[in-house]
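Q: Can we walk through this one together? I'd like to start with the metal site and then move on to charges.

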Amino acid sequence: MGTILGINSKFISIRWKLLSTYLLLLVIALLIINIFVYERIKSNYITEKEISYITQGNIISNRVRLSVDEENKMFNQLVLSQMMEEVSRLVDGRILIVDRENTVMYDSFHDLKNSPINLYEVNRAMKGEQISHQYDLPKFGKVLYIGVPVSYYDDYSDTILGVVFLSVSLEDTYQRINNIKNLLFFISLITLLLITVISLLLSDMISEPIKELTEVMQKTAHGAMDQKVSMEGNDEIGQLSKAYNFMSTKLSHIEKQRQDFVANVSRELKTPLSSMKLLSESLLTQPDTPVEVYQEFLKDIDSEIDRLNGIIESLLAMVDMNEEKLKLDYQLASVNYLVEKVANSIRPLAHKKNIKIFINQWEKIQIYLDKGKIYQALMNIIHNAVKYTDEGGKVVISILKEGKYVVIRIDDNGIGIPTDSLPYIFERFYRVDSARSRKTGGSGLGLSISHQIISLHQGTVDVESTVNVGTTFYIRLPMELNP
Ligand SMILES: Nc1ncnc2c1ncn2[C@@H]1O[C@H](COP(=O)(O)OP(=O)(O)OP(=O)(O)O)[C@@H](O)[C@H]1O
Ligand SMILES: [Mg+2]
């Protein structure tokens, strides 16, 4: 694998991008879940503790109220102590009972008895509130302080007699919460590990075909046109592979066509050149050649030059067509006029062979087309009709409407085209009978050019033919063209 800007490209490949994206998303999701679950569990546990201790505080408050002297509304020390000895065993924390003078009346740990006390929770409870608060003390760790008022009600008043104060350790609770936190962390770690392995496999599945495709493309770029990708499936990558294979088939087809074309052109150009060379050489090697023979040979050379010219013109026309593909010069033109013009320019040639050209037309038809190009296409097809018809024959051109098309039909009673040749006559350089065509001077490019021109006009050319009976060409051009 190569390096890009000095960084190993392995780390910026699609595989690693996918993998890091998966993992990043997963870590974020796990982090959020962990934090949320941890906070939720913590608050549930602590709230549960608070509620349970406030309830206990209330139970104690109700009990100790009974130890209050009806007369002076003060705690009876003796009764209180006896009562609390029993109660304190039920609570796993420290219990203080404080009277309304803020003096500790009872301490389950015994060392604060009769001392004054000033605690936030006691002061608030003294005002009638039930209160709980969490502290993190250096000596005891996490603790919960609870204050619950001890009230006395009769029909006339509601008096606060003192406060029940509870202090309980939350260390156990936090220990339990931490255990859950660790378990959560452990599960997350395992999940992360598992998903890393799965993602590695998955990203491989995605990146492997891309790698294969790249390799095949590189081979194609180095000249091996017929490379194929062997990927199955109907996903995007499968479709990409199919598109690639299709393109590569096309490419090798085009490459084959190009090679054939170059070979054909060379051959076509070489033939007249060889004849010319032969003619001129024989003139040069025979010093006393009579003038008539000179003239005869020069005439032959001249016709070979015409032939060469013709081929080059056809080739140039073909090149033009490829370049001008998108810029046909559309103009409103009369089809009848165009056909007549072509026929008129061919008539002298037809006359030489005693061939008559007739035009059947029932109405004037005007459509948008590139006059120059359509002239060229008609010229070749009508010229063929004369060229491949024996002396004394006839060519009939008909102009008619057929649905949304103008049809120009060219009938001749000439030599015809064998059925097995019909599929090929529109191919470049194809000639039914090379020997005879040589005599008549064709290069086999005419129909290919005509076909291209008509296709560019969104039209079609079809042919029907019977050997020794005649040939019919149908040119169909759309009446309403969308240039
Ligand atoms: N009307 C026709 N009758 C009989 N054969 C035809 C007719 N038109 C075309 N062909 C055959 O189809 C072949 C291809 O025609 P095309 O016009 O492409 O080439 P060409 O006439 O030989 O040469 P070019 O037109 O380039 O001078 C011809 O060589 C000929 O064999
Ligand atoms: Mg021709």
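**The metal site and beyond**

A: Asn-384 is buried, at 11% relative accessible area. Keep in mind that this is a predicted model.

Q: Which protein atoms are donors to the magnesium ion (ligand 2)?
A: OD1 of Asn-380 and OD1 of Asn-384. They lie 2.2 to 2.6 Å from the ion.

Q: And is Asn-380 buried or exposed?
A: Asn-380 counts as buried, with 15% relative accessibility. The cut-off for buried is under 20%.

Q: Where do Asn-380 and Asn-384 sit?
A: In helix H8, which covers residues 371-387. They are four residues apart, so about one helical turn separates them.

Q: New topic. How many salt bridges are there?
A: The structure holds 15.

Q: Which residue does Glu-86 meet in a salt bridge?
A: Arg-63. The N to O distance is 3.6 Å.

Q: What does the pair tie together?
A: Glu-86 lies in helix H2 (residues 77-87) and Arg-63 in helix H1 (residues 14-64), so the bridge links parts 23 residues apart in sequence. Glu-86 is partly exposed, at 49%. Arg-63 is partly exposed as well, at 33%.

Q: What about Glu-268, which partner does that one have?
A: Arg-431. Their closest N and O atoms are 3.3 Å apart. Glu-268 lies in helix H5 and Arg-431 in the loop between strand S12 (405-412) and helix H9 (434-440), so this pair ties together parts 163 residues apart in sequence.

Q: Are Glu-268 and Arg-431 buried or exposed?
A: Both are buried.

Q: Which residues are joined into one network by salt bridges that share partners?
A: Arg-94, Asp-107 and Asp-111.

Q: Back to helix H5. How far apart are Glu-255 and Arg-258 there?
A: Three residues, about one turn of the helix. Helix H5 covers residues 236-285. Arg-258 is partly exposed, at 46%.

Q: Now the surface. Which residues gather in the patch of negative charge?
A: Asp-69, Glu-70, Glu-71, Asp-154 and Asp-158. Asp-158 lies in strand S7, residues 158-169. Asp-158 is exposed, with a relative accessible area of 54%.

Q: Last one, on the backbone. What is the phi of His-110?
A: Positive, about 70°, although His-110 is not a glycine. His-110 lies in the loop between strand S4 (104-107) and helix H3 (120-126). His-110 is exposed, at 53%.

Q: And Asn-114, where is that?
A: In the loop between S4 and H3. Asn-114 has a positive phi of about 70° too, and is not a glycine.

Note on methods: Residues numbered from 1 in each chain as written. Chains lettered and ligands numbered in written order. Predicted model: local features only at pLDDT ≥ 70, side-chain atom pairs only at ≥ 80, totals over all residues. Heavy atoms only, no water. Patch = residues over 30% accessible without salt bridge, like charges linked within 9 Å, V, L, I, M, F, W, Y side chains within 5 Å. Areas by Shrake-Rupley, 256 points an atom, 1.4 Å probe, with all protein chains shown as cover. Salt bridge = Lys/Arg side-chain N within 4 Å of Asp/Glu carboxyl O. Lys, Arg positive; Asp, Glu negative; His and termini not counted. Charge placed at Lys NZ, Arg CZ, Asp CG, Glu CD. Helix = DSSP H or I, 4+ residues; strand = E, 2+ residues; numbered from the N terminus. Buried < 20%, exposed > 50% of the residue type's maximum accessible area, 1.4 Å probe, protein only. Donors = N, O, S within 2.8 Å, 3.2 Å for Na, K, Ca; no water.
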